[in-house]
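Let's take a walk through this structure together.

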Amino acid sequence: MSYTSDTIKNVTIAGHGGTGKTTLFEHLLFAGGMIPRAETVESGKTVGDSTPEEIERKISVHAALAHVERSGKKINIFDTPGSSDFVGDVILTFRASEFAVLTVDSRSAVQIETIKLWRNLEGRKKPRGFFITKLDDERADYAKTLEDIKEKFKVEPVPFTLPMGSGAEYKGVIDVLNSKAYFVQGDGSVPEKEGPIPAEYEQATLDAREKLIEAAAEGDDTLMEHYIDKGSLDAEEMHTGLIEALANHAYIPAFAGVALKNSGLIPFIDFMAGIGPDPRTAKDIVRTAAGEETEIPLDPDKPLSGLVIKTAYDQFSGKLSWVKILTGKLSSESEITNVSESKKERVGKLYICQGKKLEEVKELFAGDVGLIAKSATLRTNDTITAGDASATFLPLRLPEPVHVIAVNAAAKKDDDKLGEFLLRAAEEDRTFRYVFNAETKETVISGMGELQINIILDKIKANQKIEVETHVPRIAYRETITKKAGAEYTHKKQTGGHGQYGKVVLDIAPLARGEGFKFENKIFGGAVPRNYIPGVEKGVVEGMARGTIAQYPVVDVEVAIVDGKYHPVDSSELSFKLAARNAFREAMRQAGPTLLEPVMTLTVFVEDKYLGDVMSDLSSKRGKIQGEDSMGGGIEEIKAQVPQSELLRYSIDLRSITSGTGSFSVEFDHYAPISGKIADEVIKAAAAFHVEESEE
Ligand SMILES: Nc1nc2c(ncn2[C@@H]2O[C@H](COP(=O)(O)OP(=O)(O)O)[C@@H](O)[C@H]2O)c(=O)[nH]1
Ligand SMILES: [Mg+2]
């Protein structure tokens, strides 16, 4: 069966880890009649947490997609991970859905990941709401949670469901929009049942309904006039008003429930089917062949265009490319163009899915998300079309990796295989990177945190039987000079017939930081003929590749050749190159050489209670605090400049200082001189490294 654009809705469930997303996802599928029973996260059998790494750790690592059908709509639901290590998979589902619901645990205040995700949704202007979870717990406090949402996000959430009781007294929810109640049945293992609103909740329901009407009246001016005239709105006006006001961000819907007891789910599904945004109101951005960025509306009547939002390698199905169709429709057994790779490709079977269970479809219409199996060319972020359109969707913007480590296979013969699987992991999760650093001669992988990287390495170890070693990456130190100096060098070799001869006199001087290298020919009168000057410059560049302190590259130096000598027969480019290289080394030794270390701009987000600890940790890391800003919601942003060598384990340190709540980003800023003990350590380590290198 295929679903046309007018029948599709997309919603992402997101929020801090452990707030009940996967459980909510599972029970929505059960309440919607899509699975015969709901499993617990602990059992390892949920639809949402289905990969070995998720089952083993009892947390979500990847986005999962499934759908429920209700009132003629197919509601695609994404379950997402809560740990910031896997934020890449959350953000891609935000792009692919027209609505996001953030889960908030009613036992605790709004937590930091939820605040960060809210900000991402705000940046995308994505309609969003809250689902307050775990109201059956003794520590649950619905009113306080709602209050905290108000305070942290400066919004007035509009309840669509109200809980009846909490803790052991929890009975179910009131569906405010449809004026009825849903009661937990028995132990909650069967779907909730509809019934009349108990008398004790009548007033609260009326009050909540009044708020819903006010929210609906924000939909447009005519509705507002009606509301002001009549003091109310009829059911149809309310319906259209709530749809429009949601699209205009005029209100934030709030839901409540106990997923584990199958409670509060049907009103949410009804909301999604009836009021949740129609994908045909969505837009995305393309870049044309001419490089212009334009917004295009999601439109079923245009020719096919779609975006690969995710790539997964499944144990059974092989490579799966998740595509969101933006315009037109994609048919199975058809030819498409992969615009990003300029390649045509034949698409075989198409699927929709319930978690890892695939279901074949003939067509995917604009608005829907489906899967292409075993594609030859598709990669995440690729644009597909039917014809020869050349515009491509903008690649998804993701945060930069913050945790970096160097890896190698324990057995050298496995290095290529390791590289292959690291590349695949980088394809599956675009917040994970894999590069070979030619300067430090290391394979460096980076990601959002230790957990993400460990999961990837564990998987490679388990599936490929490759033993992987990890270590702290080497830092790309630099060397430079602090004063002017000059030196001369004569390269002379007499070997039988043809000799080698070249004399070079160089002046060197420091340049401003970041200026790199300048070379000037200051020879007057032909002491060194012009055709040898490129050889001199090459020699200087070679000399600069390995400095005199610890063999790190030399930067920010101006070099001039001021004099020299040549021999009409024995001189050659090679002779001048060798002379220049040695002259440079000699000059550098006299020019007050110094080591430079990379200094990063660090941006840290922490709850204000950790501010002091984070600051003092940064000062112990030679950090210079540059500013501090309140982000609202009790979150502080700290900006500091910190040497890279102090930040190699920062994701681990920050996690321990802030009980896992802090987050940060780093960016290279500049190189700064180091001296004394710190420099001595670097020189010692470099010497040891070069000994090892020469032994290999
Ligand atoms: N008491 C109670 N526990 C819940 C509820 N929903 C989820 N949990 C539990 O909270 C824990 C985390 O749930 P999970 O769905 O994995 O959260 P996620 O990390 O947000 O996906 C699990 O032990 C769930 O059984 C609920 O409605 N009531
Ligand atoms: Mg989960």
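This is a predicted model: local features need pLDDT of at least 70, side-chain atom pairs count only at pLDDT 80 or more; totals for chains, interfaces and linings use all residues.

Residues are numbered from 1 along each chain as its sequence is written, chains are lettered from A and ligands numbered from 1 in the order in which they are written, and side-chain values use heavy atoms, leaving out hydrogens and water.

Thr-377 has a relative accessible area of 15%, so the residue is buried (buried means under 20% relative accessible area, exposed over 50%, and partly exposed in between, with a 1.4 Å probe and protein chains only). The side chain of Thr-377 has a polar contact of 2.6 Å with the side chain of Glu-345. Here a polar contact is a pair of N or O atoms within 3.5 Å; within protein, one must be able to donate a hydrogen and the other to accept it, and residues adjacent in sequence count only if both atoms are side-chain atoms. Setting aside neighbours within four places in sequence, the contacts of Thr-377 are Lys-319, Asn-338, Glu-341, Lys-343, Glu-345 and Asp-382, where contact means heavy atoms within 4.5 Å.

Asn-338 belongs to strand 17 (residues 334–338) and is buried, since its relative accessible area is 0%. Beyond four places in sequence, Asn-338 is in contact with Lys-343, Thr-377, Leu-378, Asp-382 and Thr-383.

Now for the metal. Which residues coordinate the magnesium ion (ligand 2)? Thr-22 does so through OG1 and Ser-60 through OG, at 2.0 to 2.1 Å; donors are N, O and S atoms within 2.8 Å of the metal (3.2 Å for Na, K and Ca), and sites may look incomplete because water is not among the atoms. Thr-22 lies in helix 1 (residues 21–31) and Ser-60 in the loop between helix 2 (52–57) and strand 2 (64–70), so the pair ties together parts that are 38 residues apart in sequence. Thr-22 and Ser-60 are both buried. The loop between helix 2 and strand 2 also holds Lys-58, whose phi is near 60 degrees, a positive value in a residue other than glycine. Lys-58 is partly exposed, with 37% relative accessible area.

A positive phi turns up at Lys-465 too, at about 55 degrees, although this residue is not a glycine. Lys-465 is placed in the loop between helix 11 (450–464) and strand 28 (468–471), and it counts as exposed because its relative accessible area is 67%.

Stepping back, the protein has 16 helices and 37 strands. Its C-alpha atoms fill a box of roughly 110 × 60 × 55 Å along the principal axes. Of the 696 residues in the protein, 54% are buried. Among contacts between residues at least 6 apart in sequence, 70% join residues at least 24 apart.

Two more stops remain. Glu-442 is found in strand 27 (residues 442–447) and is buried, as its relative accessibility is 7%. The side chains of Glu-442 and Thr-440 make a polar contact of 3.3 Å. Not counting residues up to four places away in sequence, Glu-442 touches several residues, among them Ala-406, Phe-436 and His-471. Ile-455 is 13 residues from Glu-442 in sequence, and their C-alpha atoms are 21 Å apart in space.

Finally, Leu-398 is in the loop between strand 24 (392–393) and strand 25 (403–409). With 22% relative accessibility, Leu-398 is partly exposed. Apart from residues up to four places away, Leu-398 touches Gly-88, Ile-91, Arg-430 and Thr-431.

Methods
Helices (H or I, at least four residues) and strands (E, at least two) are DSSP runs, numbered from the N terminus.
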